[in-house]
Amino acid sequence: MSTQAKAALRSVAVTTPLAEILDIVVEDGGVIIENFLSADQIARFNTEVEQPMTALNPGSTHENELVAEFHGRNTKRLTNLVTHSKTFREEILEQDLIHSLCDAVFLEESGTYWMTTAQLIEIGPGNRAQFLHRDLENWYPFIGMGPKGPEACVNFMIAFTDFTEENGATRVIPRSHKWDDFQDRGSPEATIPAIMKAGDAFFYSGKTVHGGGANVTTDQYRRGLAFAFNPGFLTGEEAYPFLVDMDIAKQLSPRVQRILGFRSQYPVGSPGLWQVDYSELGDYLQL
């Protein structure tokens, strides 16, 4: 494990040039982007998901105990946000900065990318810290590739409430994306909290060690919107074409349709994946 001193998480304005944001991510493994969403967008999103969030019980339904602990005993995770929230699918997923960052990370190396999952994660009082992990662990071979492997995943965690050390702010080990051994997840003592105001976003590499923090408060609920992207040759967590109604999909822009799997993927070196008779899926779906 790396023994270097803790490095602070850097913060930038949402108007910061793309190259500067990416330089920080290359160096640190992640960066906080301030004022990524407006208070109005957060309020409208919260209204749209209020009913499914209220109906959702905290804790995990997974039969594997380790996975259940990972999901959180007093944590709510609402998925299929594309269906639940008009604000998410028509405004948040249309943010040019999201597509510019993903273009810069994935296009040259992998060709195309799509969204692997989007979750509203609400950590309740008394929830223990999530065990540390790298998001690329979803795709096992990338663990062995270490820092020299392709970028398997990038993630956006947007604070929908203020993130504090006490209420469970995401814990991060900056520069852990450079460690030689990705089997090494570090230790909680090496982490620092991603302190954010509501509307700020933490953008980070799938190679960076992190985990949800412990909520040691008695009355605060830490709510964050996490959505991640991976290359078009990797399988995502959520099967959006089977979850999102076609009437909704037809109202989305072509680039959002593509990141949700309603269009074919064209990775580097491939004539195309996710096709119909070797032709574009979007044509078959009459998009």
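The side chains of glutamate 91 and arginine 44 meet in a salt bridge, at 2.7 Å from N to O. A salt bridge here is a side-chain nitrogen of Lys or Arg within 4 Å of a carboxyl oxygen of Asp or Glu. Glutamate 91 lies in the loop between helix 5 (86-90) and helix 6, and arginine 44 lies in helix 2, so the pair ties together parts that are 47 residues apart in sequence. Helices (H or I, at least four residues) and strands (E, at least two) are DSSP runs, numbered from the N terminus. The model is predicted: local features need pLDDT of at least 70, side-chain atom pairs count only at pLDDT 80 or more, and totals for chains, interfaces and linings use all residues. Residues are numbered from 1 along each chain as its sequence is written, and side-chain values use heavy atoms, with hydrogens and water left out.

Glutamate 91 is partly exposed, at 29% relative accessibility. Arginine 44 is also partly exposed, at 29%. The classes are buried (under 20% relative accessible area), exposed (over 50%) and partly exposed (in between), with a 1.4 Å probe and protein chains only. By the salt-bridge rule, the count comes to 12.

A second pair also involves the loop between helix 5 and helix 6. Glutamate 94 forms a salt bridge with arginine 255, and the closest N and O atoms are 2.9 Å apart. Glutamate 94 lies in that loop and arginine 255 in helix 10, so the pair ties together parts that are 161 residues apart in sequence. Glutamate 94 is partly exposed, with a relative accessible area of 22%. Arginine 255 is partly exposed, with 27%.

Arginine 223 and glutamate 122 form another salt bridge, at 2.9 Å from N to O. Arginine 223 lies in strand 10 (residues 222-231) and glutamate 122 in strand 4 (residues 113-123), so this pair ties together parts that are 101 residues apart in sequence. Both arginine 223 and glutamate 122 are buried. Salt bridges that share partners join Arg10, Asp28 and Arg175 into one network.

Asp28 also belongs to the buried side of helix 1 (residues 18-28). The buried residues of this helix are Ile21, Leu22, Ile24, Val25 and Asp28. Seen down the axis of helix 1, they fall within an arc of 155 degrees, so they line one face of the helix. The arc is that of the directions from the helix axis to the C-beta atoms. The face turned away from the buried side carries the exposed residues Ala19, Asp23 and Val26. Cover for the buried residues includes strand 1 (11-13), strand 2 (30-34), helix 6 (96-110) and strand 8 (201-205). Glycine 29 follows helix 1 and has a positive phi, near 95 degrees.

Lysine 178 contacts Val26, Glu27 and Pro147, not counting residues up to four places away in sequence. Contact means heavy atoms within 4.5 Å. Lysine 178 lies in the loop between strand 6 (171-172) and strand 7 (192-193). Lysine 178 is partly exposed, with a relative accessible area of 38%. The C-alpha atoms of lysine 178 and lysine 207 are separated by 8.0 Å, and the two residues are 29 residues apart along the chain.

The largest nonpolar core has 49 residues. A nonpolar core is a set of buried Ala, Val, Leu, Ile, Met, Phe, Trp, Tyr and Cys residues joined through side-chain atoms within 4.5 Å. Phe88, Met115, Leu225, Phe227 and Phe229 have the most contacts inside this core. Helix 6 gives the most to it, with six residues. A second, separate core of 15 residues includes Ile32, Ile121, Val172 and Ile192.

Two non-glycine residues have a positive phi. Asparagine 35 has a phi of about 55 degrees. Asparagine 35 lies in the loop between strand 2 and helix 2 (39-55), and is exposed, with a relative accessible area of 56%. Tyrosine 278 has a positive phi of about 60 degrees. Tyrosine 278 lies in the loop between helix 10 and helix 11, and counts as exposed at 80% relative accessibility.

Tryptophan 274 is found in the loop between helix 10 (254-259) and helix 11 (281-284). Tryptophan 274 is partly exposed, with a relative accessible area of 41%. Phe233, Leu273 and Trp274 make a nonpolar surface patch of about 280 Å². Patches are made of residues with over 30% relative accessible area and no salt bridge; like charges are joined within 9 Å, and nonpolar side chains (Val, Leu, Ile, Met, Phe, Trp, Tyr) within 5 Å. Accessible areas come from the Shrake-Rupley method with a 1.4 Å probe, and for residues only the protein chains shown count as cover.
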